[in-house]
Protein chains: 2
Amino acid sequence: MQDERESLTLGFIGLGAMGWPMCEHLQRAGHRLRVWVRDAARRERAAAAGMQLCASAAEVAAGADVVLTNVTSTADVEQVLLGEHGVVHGAAPGLLCIDHSTIAPDGARRIGAALRARGVDFVDAPVSGGERGAIDGTLTVMLGGDAAACARALPLLRCYGRHIERIGDIGGGQVAKLCNQIVQVITIEGIAEAMRYCAAEGADAQRVLQVLSSGFAGSRMLELMGPKMVARDFAAGIQARLHAKDFGLAADAAAAAGLTLPALAAVRKQLDRLVELGLGTQDTSALLQVLERG
Amino acid sequence: MQDERESLTLGFIGLGAMGWPMCEHLQRAGHRLRVWVRDAARRERAAAAGMQLCASAAEVAAGADVVLTNVTSTADVEQVLLGEHGVVHGAAPGLLCIDHSTIAPDGARRIGAALRARGVDFVDAPVSGGERGAIDGTLTVMLGGDAAACARALPLLRCYGRHIERIGDIGGGQVAKLCNQIVQVITIEGIAEAMRYCAAEGADAQRVLQVLSSGFAGSRMLELMGPKMVARDFAAGIQARLHAKDFGLAADAAAAAGLTLPALAAVRKQLDRLVELGLGTQDTSALLQVLERG
């Protein structure tokens, strides 16, 4: 296991809404950061914060003890880690890659095997808790990988993760994350459908929310999304297009396992429709707007 | 408003899993109970507890200040309150009827109007919180009715209700209850689909539940139903057939309002299938078994 107070050289790729506060937490813990950033404004911000700018993912990996990635799709992770100018081309033997992206479990397993063949360790470590959780350092981290690699990742994950659970081998983190998304977004759709019905009956949505939150319908999503729907505040925490992506992954993984999951299928359609309606950069509470368009 | 400490003569019809502990709370608060019970064992139990056995709903109403009902369907409530030998035929002027059943909002409005024409007050007061909540006196009560009638009901509802919210006029309680059921049971289906997927991937369900409960997927239902699904303990708290009934009501009310609610429709089908499979007297966590049968 890595010493908790050891100062490491870390590579980080994917300085978005989640990645940026993660990097800040890692810096505050005394680690040096090497980053590869394409966006000009973000490059400037990273340089100003004392991060080492690199010209490629391979260069990020050169001299790094651990490389962390937080990008969008399975193909993005493959490109950044295994593609041309990818991490694997700059990696010293024994490098550990920690991937925070939400991708296909099978993709994670494939990437892990390809890295292993080059002497690089890999753990999949998707997170839940949103931008707020990243800023506050209260993220939930779902880990997949062999026990030694997970133990090595742990001191870094503790910089921004409050609940960290190893689910099993590589891909296990992604399975747990898809379970998380299935429950979370199906719950949001349930709240949206109830709010739509409530409005159609002309009932007081504020009072209905109040009473729901005290009983068996109570949830983290009811607390967060209910008031947003009532206030018609669809500004994004997590953009709905990312949940649409995750539901595509979950539907594919379920189909590959031979499963029929009807609520997952119904909510996937609603999320796809939301994106088609041009609402993909809004919050997932905008599922209410999809229902309103009939 | 009724004096909180005034001892009243109450009628109660529907001494099931919820109704019985409600009656015990009312007795403990010093009220006298008149009941109409068809089941022989329950009659004996009620008599032993010092409740006055009556031969009909009309007889329950004779001399009662308030009649409370907790039965199953809209037709049941109509029969008991307005049918032959129903409450209305024994009611003294100014009687208040409090209905705890979950029925169609339109049905509640129709019943309320029919009682009003006979000089009887009515409030719809469906509850959430299950048998446990009834026993512990921690139920959530959703109230519909005019303000004076609701104020009159309040001291009695406080005997077993912790969160009591007046939503609006008659039917408002039922609208809130259907919103509650929509959110609650769609959430249960989401948990069942995630657990089904988790099992198909061979992931550790206990660890996945653990991690889900700490993040955005957390809910009252995840706490209650998640462990039941993992333990395959489908013994009923609330029987799934009652949720199937409620989803029929919700689907009808949504259709009458011209709404298309896809998760509601998908989950209604699963609940109906559950009943067809002979699992209706199990807990709603048995939605997992419906998914397992493919």
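Predicted model: local features only at pLDDT ≥ 70, side-chain atom pairs only at ≥ 80, totals over all residues.
Helices are DSSP runs (H or I, at least four residues), numbered from the N terminus. Helix 9 of chain A contributes Ala205(A), Gln206(A), Leu209(A), Leu212(A) and Ser213(A) to the contact (heavy atoms within 4.5 Å). Leu222(A), Gly226(A), Pro227(A) and Val230(A) come from helix 10 of chain A.

Leu249(A) lies in helix 11 (residues 240–256) of chain A. Leu249(A) is buried, at 15% relative accessible area (buried: under 20%, 1.4 Å probe, protein chains only). Beyond four places in sequence, Leu249(A) touches Thr74(A), Thr102(A), Ile103(A), Ala104(A) and Leu178(A). Thr102(A) is 147 residues away in sequence, yet 8.9 Å away in space, C-alpha to C-alpha.

Zero disulfides occur over all chains (cysteine sulfur pairs within 2.5 Å). Cys23(B) is in none; the nearest cysteine sulfur, that of Cys159(B), is 11 Å away. Cys23(B) is buried, at 0% relative accessible area. Cys97(B) is also in no disulfide, and the sulfur of Cys150(B), the nearest, is 14 Å away. Cys97(B) is buried too, at 1%.

Residues are numbered from 1 along each chain as its sequence is written, with chains lettered from A and ligands numbered from 1 in the order written. Local features need pLDDT of at least 70, side-chain atom pairs count only at pLDDT 80 or more, and totals for chains, interfaces and linings use all residues; side-chain values use heavy atoms, without hydrogens and water.

Definitions and conventions
Buried < 20%, exposed > 50% of the residue type's maximum accessible area, 1.4 Å probe, protein only. Helix = DSSP H or I, 4+ residues; strand = E, 2+ residues; numbered from the N terminus.
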